Structures are given as C-alpha cells and as structure tokens.
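Please keep the sequence and the model in view while reading.

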Amino acid sequence: DPARNLYDVCEANGVRMFCKFWGMDAARHIAANWHQRPGLITATNVFAHVHDVKEFLKAAEFLLSDNGVLVLEFPYLIDFIEKKEFDTVYFEHLSYFSITPLMWLATDCGMKILSISKQDIHGGTVRVTIAKQWAKLPVEHSVDEYVANEMDNGYNFYDKYAGFSDTVKGTVDDFRKGLSEVTGTIAAFAASAKGNTLLNHIGITEKDLLYIVDETPEKVGMFSPGTRLPIVDIEHMMQAPPDNLLILSWNFTDDIIAKCRAAGYTGKFITPIPEWRVVG
C-alpha cells in the first residue's frame with residue numbers, strides 16, 4: 001500500500017507492510033525478499049484508481065505462484081450506466097470496467113478470467129478472479145454469461161454511451177426540481193467524494209444546505225471543498241436537527257437511516273441517486 005500514514009498502524013498491529021505503489025518494481029522486490037510466491041493477491045476497490053492497468057496485471061502475473069489467483073473487485077460499468085452513478089466520477093477513479101475489455105486486457109498480460117460474482121456494495125461491483133493463462137484452474141460459466149450479457153445489451157457499442165450525458169442532465173434537473181419543492185431545512189449526510197462531485201455539479205452552497213454530517217473525526221470541523229459547507233458530527237446534528245437529511249453516500253442508505261433513527265432523528269430522508277426520492 002502506498003499510504004505512508006497506514007504503515008505505522010499496520011506495523012504496530014503486527015501486519016507486515018510494504019509501502020509502495022503496486023507495479024513491477026514492487027513485485028520484483030517482494031519476489032526477491034519474501035522468498036515465496038503468493039497463491040492469492042487481492043485488490044478490493046483499488047483497480048479503478050490505477051493509471052497503468054496493464055502493468056498492474058503484468059506485475060500480478062509475474063509474482064503469483066503457478067496456480068495462484070488475483071482477485072479484483074471494482075465498480076461495474078453496467079451498474080454505473082444503468083443506475084446513473086455519475087457522482088462516482090472523481091479524481092481517484094481513472095477507469096470504469098466492464099468484463100469484455102478486462103478479458104482482452106488479461107489475455108494481453110498472459111492471464112485469464114476464471115470467475116465473476118456480483119456484489120451490491122458501492123452501487124454495484126463485480127469480484128473477478130484471474131489466473132495465469134496456463135494455470136490448471138477451470139473457467140466458470142459466469143465469464144461467458146457476463147460477456148454475452150454485455151454484448152446483448154449493447155455495452156460493446158458506442159451508441160450505449162452516447163446518450164449518457166442526457167441521462168445525467170435529467171438526473172441533475174430532477175435534483176434541482178426536488179430541492180426547490182422541499183419544505184423545511186435541509187442538511188446532508190456523508191462528506192464523501194461522490195457527495196462532493198454531486199453538490200458541486202449541482203451548484204449547491206451554504207444557502208441550500210445547513211451542514212454535512214460525517215462520522216470521520218478527521219473531517220469534522222472542516223469544510224466541504226467547493227461548497228464550503230461545514231462538516232459536523234451526529235451529536236451536532238441532534239442539537240440542531242434539520243427537517244430533511246440528504247444522503248450523499250446513497251450506497252449506504254439503509255445503514256445511514258438506521259443510524260440516524262437510533263440517534264433520535266425524526267425528520268425525512270432524501271436520496272438523490274439513481275432518482276430523487278423522499279423517505280418519510
């Protein structure tokens with residue numbers, strides 16, 4: 001992991017950590033110093049952040065044992081389009097993958113996709129298991145099923161993407177209309193990256209929302225970039241509760257509602273993605 005601030009935490013808890021970006025240099029260093037090829041490499045919700053995806057896979061192919069597997073989990077492009085998840089576009093997300101191009105990429109790097117399973121987190125992700133091309137491991141039917149589904153639904157053709165900007169515009173218009181019709185005060189929950197994209201795209205300011213509630217201590221007391229909305233904790237929210245709470249981390253809607261109700265919040269909730277919806 002390249003995060004230096006996590007290094008001390010890992011080491012203090014007995015977890016051996018190599019502080020470096022993943023790539024061929026890291027793979028060669030591990031091969032030279034760990035003396036054993038891993039049978040499993042996992043990368044959960046980081047593949048979308050990678051600039052050189054080819055080197056990422058080639059480094060895994062180099063380091064894995066003969067029948068070892070790489071398990072990637074990342075937001076699925078089809079969910080991104082179908083659920084209008086445009087607010088997940090921000091500086092850390094460089095790629096939005098479907099299975100078909102990933103299969104081509106894996107082949108180009110001397111690897112093959114073995115299986116695919118759907119996960120609900122983050123608005124819809126896929127967990128993809130990949131191995132060396134010559135590994136003695138079976139390829140499951142799920143691979144052909146995903147590829148066929150993408151082809152059948154037009155995701156390998158330009159026309160499927162050409163109208164996405166119009167879809168986003170419709171979602172933004174619905175947001176603005178819904179906001180204008182809300183009665184009472186409004187605050188937001190979750191000072192998330194996706195929330196920041198959404199609020200700035202809409203043009204939200206402190207005139208529209210009271211504050212943003214968040215549970216991350218490092219964020220509380222700060223201000224949301226662009227909107228300049230103050231970030232507060234749940235205790236502050238309960239001292240000055242809004243009539244409506246806009247859920248910016250819509251992928252955790254049920255958990256957020258349960259947490260706020262447990263804290264004593266009695267107002268309404270609003271979810272903006274995939275559609276503007278008010279929950280009593």
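Is C260 buried or exposed? C260 is buried, with a relative accessible area of 0%, where buried means under 20% relative accessible area, exposed over 50%, and partly exposed in between, for a 1.4 Å probe and protein chains only. This is a predicted model, in which local features need pLDDT of at least 70 and side-chain atom pairs count only at pLDDT 80 or more, while totals for chains, interfaces and linings use all residues. Residues are numbered from 1 along each chain as its sequence is written, and side-chain values use heavy atoms, with hydrogens and water left out.

**Cysteines**
- The structure holds zero disulfides, a disulfide being a pair of cysteine sulfur atoms within 2.5 Å.
- C10 is accordingly in no disulfide, and the nearest cysteine sulfur, that of C19, is 9.3 Å away.
- C10 counts as partly exposed, because its relative accessibility is 22%.

**The four-stranded sheet**
- Four strands form an open sheet of mixed pairing in the order β1-β2-β4-β3; helices (H or I, at least four residues) and strands (E, at least two) are DSSP runs numbered from the N terminus, and two strands pair if DSSP finds at least two bridges between them.
- β1 (40-44) and β3 (111-119) stand at the edges with a single partner strand each, so one side of each is left without a neighbour in the sheet.
- Neighbouring strands of this sheet are turned by 15° against each other on average, direction ignored, with axes taken as lines fitted to C-alpha atoms (for helices over the stretch in contact) and angles running from 0 to 180 degrees between N-to-C directions.
- β1 and β2 (residues 69-75) run parallel and are joined by five bridges, with I41 standing opposite L70 in β2.

**Helices on this sheet**
- Helix α3 (residues 53-63) packs on the sheet, touching β1, β2, β3 and β4 (125-132), and its direction makes about 155° with that of β2; contact means heavy atoms within 4.5 Å.
- Helix α6 (residues 141-152) lies across β3 and β4 and runs at about 75° to β3.

- β8 (residues 244-247) pairs with β9 (residues 268-271) in the parallel sense over three bridges, and L245 stands opposite F269 in β9.
- Together with helix α11 (residues 253-263), β8 and β9 make a right-handed β-α-β unit; right-handed means that, with the strands pointing away from the viewer, the path from the first strand over the helix to the second runs clockwise.
- β9 and β10 form a hairpin with five residues between them, and T271 stands opposite R277 in β10.
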